[in-house]
Amino acid sequence: TISRRTSVIIGLAGGGVGFLILGFAHSFWMAAASQVVWGVFATFQSGADVAWLTDEVGEQAARQLYVRGDLYGHAASFVGIIAGVALATVNLALPILVSGAGLLLLALALWVVMPEDNFQKRARKEGERLHRSLIETFKEAMSEVRAHHVLMLILGTAALHGASTEGFD
């Protein structure tokens, strides 16, 4: 409705805040709240990065970039595991806090350098406020999900899987 770039940046920044809350959590409820914050903001980023890249470089070029990005992502995960273990030897919360700060810094960097030249905003009716437009988009998405039983199954499975894997370690 607004911007894929903005959605990616909000998602990363909110995820960083969620990680920082988790890093400072001293109770189950605070850790649970951090996961709610992280989950809400993850919805902003989910798919927006892929849509943004495809809009900016085109579908054909995006395919090659996805493959290359996946390779870099696996390498970065390996380095991240090593760094996380090293940081955890100092303090168990340190890798989570560093990750949260890193996500906030990444969001700030993207805010400065990330272009968005090819996004077409959804036209709003004259006089329609932003929150009404967002609600309308949500309603349209939900009606699509309700119309297809497979989508309902996928959404339910994803919700149960997410709830079962994001617990307090």
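Q: Leaving aside neighbours within four places in sequence, which residues is E56 in contact with?
A: In this predicted model, E56 touches P115, E116, D117, N118 and F119 once neighbours within four places in sequence are set aside. Contact here means heavy atoms within 4.5 Å.

Q: Where does E56 sit?
A: You'll find E56 in helix α3, which covers residues 48-57.

Q: What makes E56 a residue without a salt bridge?
A: A salt bridge needs a side-chain nitrogen of Lys or Arg within 4 Å of a carboxyl oxygen of Asp or Glu. For E56, the nearest side chain of opposite charge is R4, and R4 is 7.7 Å away. So E56 ends up buried with no salt bridge.

Q: Why do D55 and R4 count as a salt bridge?
A: The cut-off is 4 Å between nitrogen and carboxyl oxygen, and the D55 and R4 side chains meet at 2.0 Å, N to O. That N to O value is within the cut-off, so the pair qualifies.

Q: What does the pair of D55 and R4 tie together?
A: D55 belongs to helix α3 and R4 to helix α1 (residues 4-23), so the bridge ties together parts that are 51 residues apart in sequence.

Q: Why are D55 and R4 called partly exposed?
A: Partly exposed is the range between under 20% (buried) and over 50% (exposed). D55 has 26% relative accessibility, so D55 goes in that class. R4 has 27%, so R4 goes there too.

Q: How do you know that E59 and R63 form a salt bridge?
A: Their closest N and O atoms are 3.1 Å apart, and the rule asks for within 4 Å, so this pair passes. Both residues lie in helix α4 (residues 59-90), 4 residues apart, or about one turn of the helix.

Q: What makes E59 exposed and R63 partly exposed?
A: Exposed starts over 50%. E59 has 52% relative accessibility, so E59 counts as exposed. R63 has a relative accessible area of 47%, so R63 is partly exposed.

Q: How many salt bridges are there by this rule?
A: The count is 2. In general, side chains of opposite charge can pair when their charged atoms come close. As for the charges, the protein chain carries 12 positive and 14 negative side chains, and the centres of the two sets are 7 Å apart.

Q: How far is a polar atom of the S34 side chain from the backbone oxygen of A31?
A: The two lie 2.6 Å apart.

Q: What makes R132 partly exposed, and where is R132?
A: R132 has a relative accessible area of 48%, so R132 falls in the partly exposed class. R132 is in helix α6, residues 130-147. R132 and I82 are 50 residues apart in sequence and 46 Å apart in space, C-alpha to C-alpha.

Q: What about the chain overall: how many helices and strands does the protein chain have?
A: The protein chain has 7 helices and 0 strands. Of its 169 residues, 18% count as buried. Its C-alpha atoms fill a box of roughly 55 × 35 × 35 Å along the principal axes.

Notes:
Residues numbered from 1 in each chain as written. Predicted model: local features only at pLDDT ≥ 70, side-chain atom pairs only at ≥ 80, totals over all residues. Heavy atoms only, no water. Polar contact = N/O pair within 3.5 Å; in protein donor to acceptor, adjacent residues only side chain to side chain. Helix = DSSP H or I, 4+ residues; strand = E, 2+ residues; numbered from the N terminus. Buried < 20%, exposed > 50% of the residue type's maximum accessible area, 1.4 Å probe, protein only. Lys, Arg positive; Asp, Glu negative; His and termini not counted. Charge placed at Lys NZ, Arg CZ, Asp CG, Glu CD.
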